[in-house]
Amino acid sequence: MKHAILLFTLWAVSAALRAGIPILGFWGVDPENATKARYAEMRRAGFDISMDGYKSLEQIVRALDCAQAAGMKLLVAGDQLVLHPRETAEAIRNHPALFGYVLGDEPRMEDFEAYKKRFDAIRTADPAHLCYQNLFPYYGDELLETIGAASYEEYLRKFSEIPLPQISFDFYPIWDYDIRPTWYYTLETVRRESLRTGVPFWAFVLSTPHVGYPQPTLEMLRLQIYSNLAYGAQAIQYFTFRTPPQDDTYDYHNGPITLEGKKTETYNIVRDMNRELREVIPFFDGCTAERVGHLLETPLGTERFNGAPRGLRRLKVVGTRGAVVSVLRQGEKRYLAVVNKDFETDLRVDIAFSSPRRPLWPKEFAKTPAAAAHSLSLSGGNLLIFDLD
């Protein structure tokens, strides 16, 4: 009976998320200065959900009220939830602006039992809202020593034992204007764990520059978001919306909103990206990435995209880094997604099908006449989508 209730709860949470791929902002509206206007500003930038840490129940309730007035949802984290998980969930579980609860961020293997106890306490009080945790990425074997895992696969499997409706990890791939070598390996490994468990994964995009991470451009955001979606991601999370304070390690600066609450040029870039993303989401919502491969460069832990799926006769790309190529299934539909892996230069895509068709995205390509063969120039980090059926 207990098992049946758990399965029903996970189904209910998953059904609620199927309304669309959510867009989350970490370090959202400042809890100390939460107002309807602040959340409305975040909403205008294209976000659905704000995540932040809260020190008290009163602070959480005030933020929930302000978020509701602006049409936003909250993912609740912080000391109040960590210290009083059951009591906090009991107090806010009926609030319309509640999206879910954050168990913690980047846990190590030794943290598993504490996370599981926190999950059980929250779930007992509120089975209707999701619990969330965000995992480390794979930056290399040195990080595995920090995590305390023999492999990244072991780490993912351990935390998959907590029955959450998502597998979330953060990876910021653009470092010193180059691509970190383990990014696609991490995407591949998380995708496999997602397919093994049947639990969708959520991925990140970096919007706040710091240390070696550069000021984001629209092309950089496209590369991260469209690569995540091509691998099957079912939520896009920004780090961050509000700029965190600087410390001795990270010189956070120029996030979409400053510490003083002022918009930066990054706000406009993120807003424009999210407007574009809203138009793309219907192609990826509820999709399974049945097959993912690479053309030209084949990064660590990935495979070359070989063999044509039904409907595709030829696919060739000409450029610097090449492309991520994905076959996605959405119910009875199948899509072919091609992502330019270079955020600085165009990619030429020569493609032929067994019957005439036109691209579904980008919009400017969708206006071209239907044809069996196309030669298209895809801008930096951009996405090309065709219907395969």
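In what order do the three strands of the open sheet stand, and is their pairing parallel or antiparallel? What I am showing is a predicted model, and in it the order is S12-S15-S16, with antiparallel pairing. Strand S12, residues 312-318, and strand S16, residues 371-378, stand at the edges, and because each has a single partner strand, one side of each is left without a neighbour in the sheet. From one strand to the next, the twist averages 15°.

Let me stay for a moment with the pairing inside that sheet. Strand S15, which covers residues 347-357, is joined to S16 by seven bridges in the antiparallel sense, and if you want a place to look on the screen, arginine 348 stands opposite serine 377 in S16.

Now I would like to turn to strand S14, residues 333-340, where seven of the eight residues are buried, so that the strand is mostly covered, buried here being under 20% relative accessible area. Strand S13, residues 322-330, runs antiparallel to S14, and eight bridges join the two. S13 and S14 form a hairpin with two residues between them, and in that turn glycine 331 has a positive phi of about 65°.

S14 is also joined to strand S17, residues 383-387, by five bridges, and this pair again runs antiparallel.

Conventions:
Residues are numbered from 1 along each chain as its sequence is written. This is a predicted model: local features need pLDDT of at least 70, side-chain atom pairs count only at pLDDT 80 or more; totals for chains, interfaces and linings use all residues. Side-chain values use heavy atoms; hydrogens and water are left out. Two strands pair if DSSP finds at least two bridges between them. Helices (H or I, at least four residues) and strands (E, at least two) are DSSP runs, numbered from the N terminus. Axes are lines fitted to C-alpha atoms, for helices over the stretch in contact, and angles run from 0 to 180 degrees between N-to-C directions. Buried means under 20% relative accessible area, exposed over 50%, partly exposed in between (1.4 Å probe, protein chains only).
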